[in-house]
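Me: I am new to this structure and would like to go through it piece by piece. Could we begin with the terms and then move to particular places?

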Amino acid sequence: MATRKKLIEVSIPLDVISAESAREKSIRHGHPSTLHLWWARRPLAAARAVLFASLVDDPSNDLPEEEANKERDRLLKLLERLIKWESSNDEQVLNEARLEIAKSIAKNKNLDLPQNPVTEDLIRFLSEHAPPILDPFAGGGTIPLEAHRLGLRAFAGDLNPVAVTINKALIEIPPRFAGFSPVNPKDRGLVNECVWKYAYGLARDIEYYGNWMKREAEKRIGHLYPKVKLPKEMGSKETTVIAWLWTRTVTCPNPACGAEMPLIRSFWLSKKKNKEAWVEPIVDQSGEQPKVRFEVRYGKGSVPDGTVDRRGAKCICCQTPVPLTYIRSEGQAGRMGQRLMAIVAEGKNGRIYLSPDETHEQVAANACPVWAPETDLPEKALGFRVQQYGMVQHKDLFTSRQLTALSTIGMLIEEVREMIQIHAKHAGLADDGVPLRDGGSGALAYAEAVMVYLALAADRCADYWSTISSWVTDRETIGHTFTRQAIPMVWDFAEANVFSQSSGNWQGAVEWVIRVVERLGFSTPGVADQRDAASGIIDVHSLVISTDPPYYDNIGYADLSDFFYVWLRRNIRSIYPELFSTMLVPKMEELVATPHRFEGNKEAAKQHFEKGLQQAFEQLISKTDSEYPLTVYYAFKQQEDDQDKNGVSTASTGWETMLTGLLHAGYQITGTWPIRTERSTRSVAIGTNALASSIVLVCRPRPLNAPLTTRREFMNALRKELPEALKLLQEANIAPVDMAQSMIGPGMAVFSRYAQVLESDGTPMSVRTALALINQVLEELLSADEGEYDLDTRWALSWFEQFGMKEALFGEAELLSKAKNTSVSGLVEAGIIEARAGKVRLLTREEYPEQWDPTEDNRFTLWEATQYIIRAFEREGELGAARLIKRLGDRANHVRDLAYRLYSICEKKGWAQEAIPYNMLAASWSRLKQVASGMKEYEMGRLV
């Protein structure tokens, strides 16, 4: 019987999925990402959509075209409702989706569905008959969680114990205790008054015992977190400290100075309007050596520049420039100190900033932790910088007071076990002695479950309680350690008050965990296991695989997650002894191309990654249910250039190795969906051209009788099929920065349908060459529209590609103008160039006249229209750009095409800053057109 097409192989509502995925990054309360940090986590909306569309049959299998289109529209509308954040726990919407999945399974397996099924019926049916879902690179758990939400059996595999713990907390533990009433004395009496839906009862117990831990911790270490006395002008009262702000110091190398030299990135404390505050460093030259003291000032004032940056430092006492090499050597010699720079306290009307207090500095110095992680940081690793400054063990990332707080929390997590067990027995749970790891659900297992979530809360605290956490001046909050996928050097850092009510406190960490847990436990328990995907796929057959494999050398997951592992190992090793049997996270088996693990050999790292990924895909294809496609997420930017034997420019080792593994394992690509998964405001994207999309590849086993083809026939197929793909991607609002990645799917769909593509000498074409040819055809397609442009724009485009915004000789401009059938004088008249003193250059957007009416422009060019729209967008936002687009009318039709072309040129030339506005314009084009067409509604606030 022929394989039935799934919805994902025909159509999905790409724009809606992208919009919900991007929106989701702004949702915090209750979102699984707030349970525990993980890097490069996929959005729930995207995973939910991909899984649903992978399991539901496309109507074209059974219906004539017109009826199939109507039925498909119904499914797509359901999918649009399903992926909304608000539908995450909406039983009605979820059951509609579960029913559609069940219908497809029942039809394919000739089964009868229950009449008018309710939630329990659907979950029971899917548990018995639906194929299990496996993500062998489960990471932060998005895909297994969404499989679980849809009522499917979910399996999460990962080599990393931190990832496995996260997945256990999402899909394994909550369903086991779903419906349980809380066991704590406070809430236990409500058992007859409340319906403890999902894991709500478990959440209440996490809250109760977390609060007990706070009270107990205050008894033991509360003296390390003293209140601060306000100055007389503020009432002389005591108030709670939110954070202590410290700066690192070294001794000035100038023998005539020798001061304790502060290393401060910025003296600003608050940049909020009308709430500005900053630190003034005051140098005292009266003693043998200069000394610096700090005083807090309010208002804008004359804020001094920081004393350290990437180029080096400057002594604030003698102005001597100090190289970073000296600072590193001082750090490595153990001579880097720290000074209190300011205190942030609670006030009636917001934050209060106070000058340092010697007593507070001394209290912090007296902290003595009972335990500290004496494990080594990697000598070399992706994203690590601190080792150069003498921070070589994990304990070096924390102050003594932070270590004291974290170790105290760890002791209390262990102590709370017996209390929970006693309360659980009183609540009627069996005292069977079966632990959580063996599938227990009695008093012991329940106590251990609560401990797991308290340990995750402790990890949230560790993320804020390190010397890599800085003070965020525009929000007046403590930033966390991992604002990006790295552990960089931070010169001035914020130390949170564990017992405050502000960011970084223990109670807040527990509350974040609670909000996630109370939304979990809605289906049958899943399974999360520690497994090496290259050699240890679970012993279950007929699986549906959906996964987000590692991104070559982008993220060093194992090295980064050691930061959390050392605390999890201390806090819950007794619960999962096998999972935490090693001192640090396993490294050598990790599928990341990190040369430092292969003595700096990049080729060996590449081979390790490619071989491991191919082995993983080969295992997957042997376990996959042939009725369903494999879906693979990937978001690796192409960025390399070299030459192959045919002189073709090629790109992207990351994509090459991933696709090589996929194709060599026997898969072909049958569909591709670029989903925008990132906010343009995320820290890595601001002012950059960072990728905003993940590419979802839909794959099937390649037929054994797949044909051979030649390089020429492959190129012909690309030129025939990619134009339609490009059109669809542009209509789907794919940003230029993502276009090259997005076109890989359609291009590789052509390449992978053949057993081999043969070069002219009879050798098989490599994936790397295929990628280069796909990029070459994309470049041809983006250039093809130039024939539709006016002559002056064609000239400007060619000039820009050769010289950018720089000056060049008049003769060059004249020669090009003849080739483009225009003239230099005409281009000056058009207002897009300046020609004088034998030189010619393109005018910048800012040099264009302030007032421009396209309807009165006697020599209109698409080039100037594009630049004017960008300038309006930058100055006035989308409304300003939309007004101009509306005035342009039909003449705006090619603006987006030109923006794509200009971005492509900038990307190829490495002009990152110049590329940003073209990427922004093209990515926003659909929205700008929408605003332009509904201008009145927009201005009245009706169009959102």
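Reply: A residue is called buried when its relative accessible area is under 20%. Please keep in mind that this is a predicted model.

Me: Is glutamine 668 buried or exposed?

Reply: Glutamine 668 has a relative accessibility of 14%, under the 20% cut-off, and therefore counts as buried. Its place is in strand E23, which covers residues 667-676.

Me: What does glutamine 668 touch?

Reply: Not counting residues up to four places away in sequence, glutamine 668 touches Val698, Cys699, Arg700, Pro701, Arg702, Pro703, Ser752 and Arg753.

Me: Now to leucine 659. Where is it?

Reply: Leucine 659 belongs to helix H17, residues 653-664. With a relative accessible area of 0%, leucine 659 is buried.

Me: Which residues is leucine 659 in contact with?

Reply: When neighbours within four places in sequence are left aside, the contacts of leucine 659 are Ile669, Leu697, Ile744, Met748, Val767 and Leu771.

Me: At what angle do H19 and H20 pack?

Reply: Helix H19 (residues 736-752) and helix H20 (residues 767-784) pack at about 120°, and their axes are 9 Å apart. The crossing of H19 past H20 is right-handed.

Me: Let us take another helix pair. How do H4 and H5 pack?

Reply: Helix H4 (residues 91-109) packs with helix H5 (residues 119-129) at an angle of about 40°, and the axes lie 10 Å apart. H4 and H5 are therefore oblique to each other. H4 passes H5 in a left-handed crossing.

Me: Which residues meet there?

Reply: On the H4 side they are Glu91, Asn95, Arg98, Leu99, Ile101, Ala102, Ile105, Ala106 and Lys109. On the H5 side they are Thr119, Leu122, Ile123, Phe125, Leu126 and His129. Sorted by class, the contact of H4 with H5 has 9 nonpolar, 3 polar and 3 charged residues.

Me: What lies in the loop between H4 and H5?

Reply: Asparagine 116 is found in that loop. Asparagine 116 is exposed, with a relative accessible area of 71%. Although asparagine 116 is not a glycine, it has a positive phi of about 45°.

Me: Turning to the sheets, what is the order of the one with E7?

Reply: The order is E7-E8-E9, an open sheet of 3 strands with antiparallel pairing. Its edge strands are E7 (268-270) and E9 (291-298), each of which pairs on one side only. Neighbouring strands of this sheet are turned by 30° against each other on average, direction ignored.

Me: How many bridges pair E7 with E8?

Reply: E7 and E8 (residues 277-284) pair in the antiparallel sense over 2 bridges. Serine 270 stands opposite alanine 277 in E8.

Me: And what order do E27, E28 and E29 take?

Reply: These 3 strands form an open sheet in the order E27-E29-E28, with antiparallel pairing. The edge strands are E27 (808-809) and E28 (833-836). E27 is joined to E29 (residues 839-842) by 2 bridges, and alanine 808 stands opposite valine 840 in E29.

Notes:
Residues are numbered from 1 along each chain as its sequence is written. This is a predicted model: local features need pLDDT of at least 70, side-chain atom pairs count only at pLDDT 80 or more; totals for chains, interfaces and linings use all residues. Side-chain values use heavy atoms; hydrogens and water are left out. Axes are lines fitted to C-alpha atoms, for helices over the stretch in contact, and angles run from 0 to 180 degrees between N-to-C directions. Helices (H or I, at least four residues) and strands (E, at least two) are DSSP runs, numbered from the N terminus. Angles under 35 degrees count as roughly parallel, over 145 as roughly antiparallel, 65 to 115 as roughly perpendicular and the rest as oblique. A crossing is left-handed if the near helix is turned anticlockwise from the far one by less than a right angle, and right-handed if clockwise. Contact means heavy atoms within 4.5 Å. Ala, Val, Leu, Ile, Met, Phe, Trp, Tyr, Cys and Pro count as nonpolar, Asp, Glu, Lys and Arg as charged, and the others, Gly among them, as polar. Buried means under 20% relative accessible area, exposed over 50%, partly exposed in between (1.4 Å probe, protein chains only). Two strands pair if DSSP finds at least two bridges between them.
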